[in-house]
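Me: Got a structure here that I'd like to talk through. Can you take my questions one by one?

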Amino acid sequence: MPCASRSDELVFFVNGRKVMERNVDPEGTLLTFLRKNWTLLSKSWLLRLTGTKYACGRGGCGACTVMVSKHDPVSRKIRHFSVTACLMPICSLHGAAVTTVEGVGSIKTRLPPVQERIAKSHGTQCGFCTPGMVMSMYTLLRNHPQPSEEQLMEALGSNLCRCTGYRPILESGRTFCMESNSCQQKGTGKCCLDWGENDSSPLGKKSEICTKLFAKEEFQSLDPTQELIFPPELLRMAENPEKRTLTFYGERGTWISPGTLKDLLELKVKHPKAPLVLGPAMKSQGHFHPVLLSPARISELSMVTKTSDGLTIGAGCSLAQMQDILAERIAELPEEKTQTYRALLKHLRSLAGQQIRNMASLGGHVISQHCCSDLNPVLAVSNATLNLISAEGTRQIPLNEHFLAGLASADLKPEEILESVHIPHSQKWEFVSAFRQAQCQQNALPHVNAGMRVLLKEGTDSIEDLSIAYGGVGAATISAHRSCQLLLGRRWNELMLDEACRLLLDEVSLPGSAPGGRVEFKRTLVVSFLFKFYLEVLQELKKLVKLFSVPDSRHHSEVSDQFLSALEDFLVTIPQGVQTYQNVDPHQPLQDPVGRPIMHLSALKHATGEAMFCDDIPMVDKELFMALVTSINEELSRALELPEVVDVITAEDIPGTNGAEGDKLLAIDEVNCVGQIICAVVAETDVQAKRATEKIEITYEDLEPVIFTIKDAIKHNSFLCPEKKLEQGNVEEAFEKVDQILEEVHVGGQKHFYMETQRVLVIPKTEDKELDIYVSTQDPAHVQKTVSSTLNIPINRITCHVKRVGGGFGGKVGKPAVFGAIAAVGAIKTGHPIRLVLDREDDMLITGGRHPVFGKYKVGFMNNGRIKALDIECYINGGCTLDDSELVTEFLILKLENAYKIRNLRFQGRACMTNLPSNTAFRGFGFPQGALVTESCITAVAAKCGLPPEKIREKNMYKTVDKTIYKQAFNPETLIRCWNECLDKSSFYSRRMHVEEFNKKNYWKKKGIAIIPMKFSVGFAATSYHQAAALVHIYTDGSVLVTHGGNELGQGIHTKMLQVASRELKIPMSCMHISETSTATVPNTIATAASISADVNGRAVQNACQILLKRLEPIIKKHPEGTWEDWIEAAFEQRISLSATGYFRNFLNQCAFLQGLGESGMFLGSSVFFAIADAVATVDIAEDFMVQSPATPERVRMACADRFTEMVGNCLFS
């Protein structure tokens, strides 16, 4: 509703400063408001708080977490709660106080405990997620200064980290917690994690091993009195609320916030199609609403009423408030009355994440009628009532299957709103339960969920009333009303269960084309949930019978002890682990930092939000924004027409080379996959650029054949490059001499999800066609070269700058060059700086990911498990262009043997060309997929031989110095030592016995255990990539500037380089600085990848420092008592150069002193995969079974054949 009327003034506080804003966009979010430079738009004071990060835009990662504080009109207290700024409508903040990571503390002023501890606990690597982590913890501490570990886990439950891992982050949070039950925090006795079964360490004396990364007593204490207070002005506003309606007009829509319930109801009559917005601004898949009504200021919608028959909760209460209300009511009432409340509370704990629950309202959740709603199935079976109100009066409707199906006769009228939800108490002999299955326990939509309620005739096990409702199995929540009616009067026993399963499978039917697929899995969950409910009721019935001494109780069914584990949920517990490292030699000088646990150089800036990433760079003069137009499966509607759009960049605008043959930067005439870039729109704002992409009209014609899978590619002989092959021994002859032969297949894949999406800022200079490019990349030299060829200008005119990267994992090796080149074309054509920031959807669509692999193996082995011959054929899905697929195929083949010496081997690999976005480099570079195939083979051999997998692994491992399949000599001494140490320190064999004992006693819950060896050769295939350079300057005040060719991705490479320089120059790290990685200071750099960057660049820095120190030697010898500053001043006076270039090559022979886990750590997680397979293998399954990768809940469940999977199979077959 574009309108010339003047908007009201939006008043809120940010970090203690008052914001008064009239020019707010009703479609805008808090994240956009915080990050933009609003001086250009509204003449307001400079905000631009970039510590709050954009990562997903969907509220699913927590990177944009901030704290919102509001006065609660009902409790009359200040509520502090965490929210995701990317989903918080800016107009909803009237009267609120917002605290961002910058408002918590700063390295320039005051650093509070929460920021200090996450940094000093090594809880930050790339640092992109750290501000969100800090804000989630900070909000927790504002509410609970001494939280429990469970509260800490809940607070961080929806904050993702893609590089640090959660152990050090949680460790920093645990320093605030009450005394932990975790043994490693007790401080007395011996921790179960410290030593193994033999109580000895292969590394030597215990004094050489350390587990302490920080000293808790050195941290400053938490003082809640030092935090920002709630602004008195907002408190006065809340205590004397303004009743008038506030209206905010935007370019396309209007936000109306009434001050009274009466005004809201009148507005609903006036705007019957306008939705009520009370919570996160979820993206609505193309639906645009010109008017939005916000009932946030209406206290009547947040009222809670307790009555003798139930609980009435206001529709405006957030889901987090609902959690507190239910928990309080459960504590007040006898257990028999709280069955429904307990079931709801169970689902609320896993529904979305803490930040979403803090924003989302009960009313919004119910009214959305979402097919995967977690609360609606429970509310439906519990006979909840919806209290509706309109200008005409009030009425009640049941929250039943008719309402959930959206039937007009049972739904709200356009002018009505939901005022509250009444939830009745449960009664004696009534049982209510809730179930859900999702990809993970928190922050994930369920595949299937359910609410179930049964009322038994008092003193008996006869069904008097029964209600069952499911979510996720249809377009709406489905009630199994017919089945429940047919079961009335039946006894609660096995016969009833079998009949109920049959009835439910008949009534709750899913067609093969059901949305989301997974039909067999979902149907299995339908009956599996009923079985769990059946067991739960039997257990509760047993208690009641005992409590009330019911006669004839011997006739009631009972749960076998073997089945009891089915009643136990998998609880989310705080991870247990300890990091050990070798202490430095006691004779090492104290100032020498190498080998010591030095805090990441940028850790404190990560924690305060002051670390600058690519898109945090302030807006430059005349800057324009770019958005990409990709091929999608629909025709776009209208031609380009928005006035703010400056230009459209197409392939015709490229003055030089448009990518490579078959891999164009911008498509011409033909696209080979969804997500291929066709053109780019340049506009004055990012919003207008994005909107304009939706108005470009593209017409498509289908190409044949369409190839998506590896099997399709094999069928059509569609490959990207020639076959790669390695062979040793005589495979065919060996197969003739073995006891057994197995053949099997295996598949897997993964999408890129670095926290910082692809982004670039290109700034054209005024002369000589020079460009400054600020880019998030692992390989600035590749960006530089690609831009050079695209623009047809020399490389020396282009400077690429990389300050730090918010995660890469291989996804920022090749792809950033594409985005940098397209943005550079836009900058040259328009003459303006161009900023390109991909949103998460485009990033995941365009950039591809880890190559899925189809592996076929043939293995010949003796009955004792000795493998004599192995033949593996691997096909990878490369997507529509070559990218890195040929190299990935080579690496996969080279590393397939893993840690095993098998005399007769044949490995073959092909990269398939399909109509999918090109897959690319990904951490591990083919090794995880290939090694998973090999280890699957080992596991299958173990099953055939009737031996534990670890015995087969041990038997076939390298034992003596020998040559690998790629002809390199390999000494397995370290491999064998690591293997034995892991077995010992993990108490593996005693744990194996415990697992076996547990599995014998438990039918429905199984445990597994696995240990996997790994031989990972680091480095690139091309020897020319094993080189590096560094540039070290010493200034006349003695300070040192180090520059090298590595990029800071979070691995701490800059920190390591300064450790090296500090050791070589024998001065403290505090005297040194690294500014950025730049192609202008160190040219022709190699990608930061392959786990060698710290090694080769460290040697280059070492070389440069040694050159400088050699120049200084005569001065130092002449004045040994002088200071570093004295020596430098003397050198300058004597005209000795204080700048040196260091260089290193031939990595394989000389690097060792900095090697860490790097990419190799990626495969360590396979032990979890094989532990799952180990657990599944204890179930009665087909003997040739193998869990597919990834081991999703669906695959694990369907691999465990039982009476319920059989029921589903029979039902589908019939």
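Me: What is Q778 in contact with, leaving aside its neighbours within four places in sequence?
Reply: Q778 is in contact with G808, F809, G810, G811, K812, V813, N1047, L1049, A1087, T1088 and A1089; contact means heavy atoms within 4.5 Å. A heads-up: this is a predicted model, where local features need pLDDT of at least 70 and side-chain atom pairs count only at pLDDT 80 or more, while totals for chains, interfaces and linings use all residues. Residues are numbered from 1 along each chain as its sequence is written, and side-chain values use heavy atoms, with hydrogens and water left out.

Me: Why is Q778 called buried?
Reply: Buried means under 20% relative accessible area, exposed over 50%, partly exposed in between (1.4 Å probe, protein chains only). Q778 comes in at 3%, so it counts as buried.

Me: What makes A1090 buried?
Reply: Its relative accessible area is 8%, so A1090 is buried too. Not counting residues up to four places away in sequence, A1090 touches V1018, G1019, F1020 and E1159.

Me: How do you know that R953 is buried?
Reply: R953 has 2% relative accessibility, so it counts as buried.

Me: What makes the link between R953 and Y900 a polar contact?
Reply: A polar contact is a pair of N or O atoms within 3.5 Å; within protein, one must be able to donate a hydrogen and the other to accept it, and residues adjacent in sequence count only if both atoms are side-chain atoms. The side chains of R953 and Y900 are joined at 3.5 Å, and that is a polar contact.
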